[in-house]
Amino acid sequence: MNSIFKRKSVRQFRDLEIEDKKIEKLLKAGMQAPSAHNTQPWEFIVVEDDESIEKIANMSQYAKPAHNSPCCIITLCNMKNVRDKKTEDWIQQDMSACTENILIQAVEEGLGAVWLGTYPDEERSNYLKELFNVPEDIIPFSVIVIGYPKDKYQVEDRFDPKRIHYEVY
């Protein structure tokens with residue numbers, strides 16, 4: 001639970017590479033996520049090339065944190081793993097769980113990260129498809145910008161008992 005309470009969107013990073021072993025742990029965490037009917041629709045592109053990261057930073061006005069990041073992970077939803085309409089209805093939840101697992105594991109590894117929304121924005125998804133030669137039946141879902149945090153950060157306690165209801169609203 002400690003990593004959940006320490007997680008924060010980090011947008012400024014030190015100029016340090018991330019060890020391969022840590023990236024592998026992030027990917028393992030993503031693959032450990034629950035998915036509807038156990039479809040496990042995820043695939044990933046790990047981006048460490050500076051030029052490619054700069055292009056990611058230009059994806060939208062909200063992608064600027066990538067400018068100073070040593071690594072981005074693009075989560076992809078492989079629609080070949082989605083068996084039917086019933087399963088397709090749940091891909092956003094599946095891929096969100098995958099993305100969140102990576103964000104939490106980043107904290108565990110001493111890293112900072114921020115989730116850049118991609119899907120369902122077709123312009124952003126198509127931008128990434130073209131940039132990384134992604135096949136038609138694969139959907140870029142999110143970009144996770146990762147690095148060692150530039151500064152120590154404070155995490156706010158978001159617990160609010162007024163948002164909790166028991167039995168009825």
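Me: Where is the place of Asn38?

Reply: Asn38 is in the loop between helix H2 (20–31) and E1. Helices here are DSSP runs of H or I with at least four residues, strands are runs of E with at least two, and both are numbered from the N terminus. Before we go on: this is a predicted model, where local features need pLDDT of at least 70, side-chain atom pairs count only at pLDDT 80 or more, and totals for chains, interfaces and linings use all residues. Residues are numbered from 1 along each chain as its sequence is written, and side-chain values use heavy atoms, with hydrogens and water left out.

Me: OK, what is phi of Asn38 near?

Reply: Near 55°, which is a positive value in a residue other than glycine. Gln40 lies in the loop between H2 and E1, and its phi is near 45°, again a positive value in a residue other than glycine.

Me: And is Asn38 buried or exposed?

Reply: Asn38 counts as exposed at 53% relative accessibility. Gln40 is partly exposed, with a relative accessible area of 35%. The cut-offs are under 20% relative accessible area for buried, over 50% for exposed and partly exposed in between, using a 1.4 Å probe and protein chains only.

Me: Switching to the sheet. Which strand does E2 pair with over 8 bridges?

Reply: That's E4: strand E2 (residues 71–78) and E4 pair in the antiparallel sense over those 8 bridges. Two strands count as paired if DSSP finds at least two bridges between them. Cys71 stands opposite Ile146 in E4, and Cys77 stands opposite Ile139 in E4.

Me: What about E1, how many bridges does it have with E2?

Reply: Strand E1 (residues 42–47) pairs with E2 in the antiparallel sense over 6 bridges. Phe44 stands opposite Thr75 in E2 there. E3 and E4 also pair in the antiparallel sense, over 6 bridges, with Val114 opposite Val145 in E4.

Me: How many residues of E2 are buried?

Reply: 8 of its 8 residues. Both faces are covered, with Cys71, Ile73, Thr75 and Cys77 on one side and Cys72, Ile74, Leu76 and Asn78 on the other. E4 is mostly covered too, with 10 of its 10 residues buried.

Me: I see cysteines in that list. How many disulfides does the structure hold?

Reply: 0. A disulfide here is a pair of cysteine sulfur atoms within 2.5 Å.

Me: Moving to aromatics, how many pairs does the count come to?

Reply: 2 aromatic pairs. Rings of Phe, Tyr and Trp (its six-membered ring) pair if their centres lie within 6.5 Å, and planes under 30 degrees apart count as stacked, over 60 as edge-to-face and the rest as tilted. Trp115 and Phe141 have ring centres 6.5 Å apart and planes at 50°, so that pair is tilted. Trp115 lies in strand E3 and Phe141 in strand E4 (residues 138–147), so the pair ties together parts that are 26 residues apart in sequence.

Me: Which residues form the aromatic cluster?

Reply: Trp115, Tyr119 and Phe141 form one cluster. Trp115 counts as partly exposed at 31% relative accessibility, whereas Phe141 counts as buried at 6%.

Me: Is the peptide bond from Tyr119 to Pro120 cis or trans?

Reply: Cis, with omega near 10°. Pro120 is in the loop between E3 and helix H6 (122–131).

Me: One more thing. Where is Ser3?

Reply: Ser3 is in helix H1 (residues 2–6), and it is buried, with a relative accessible area of 10%.
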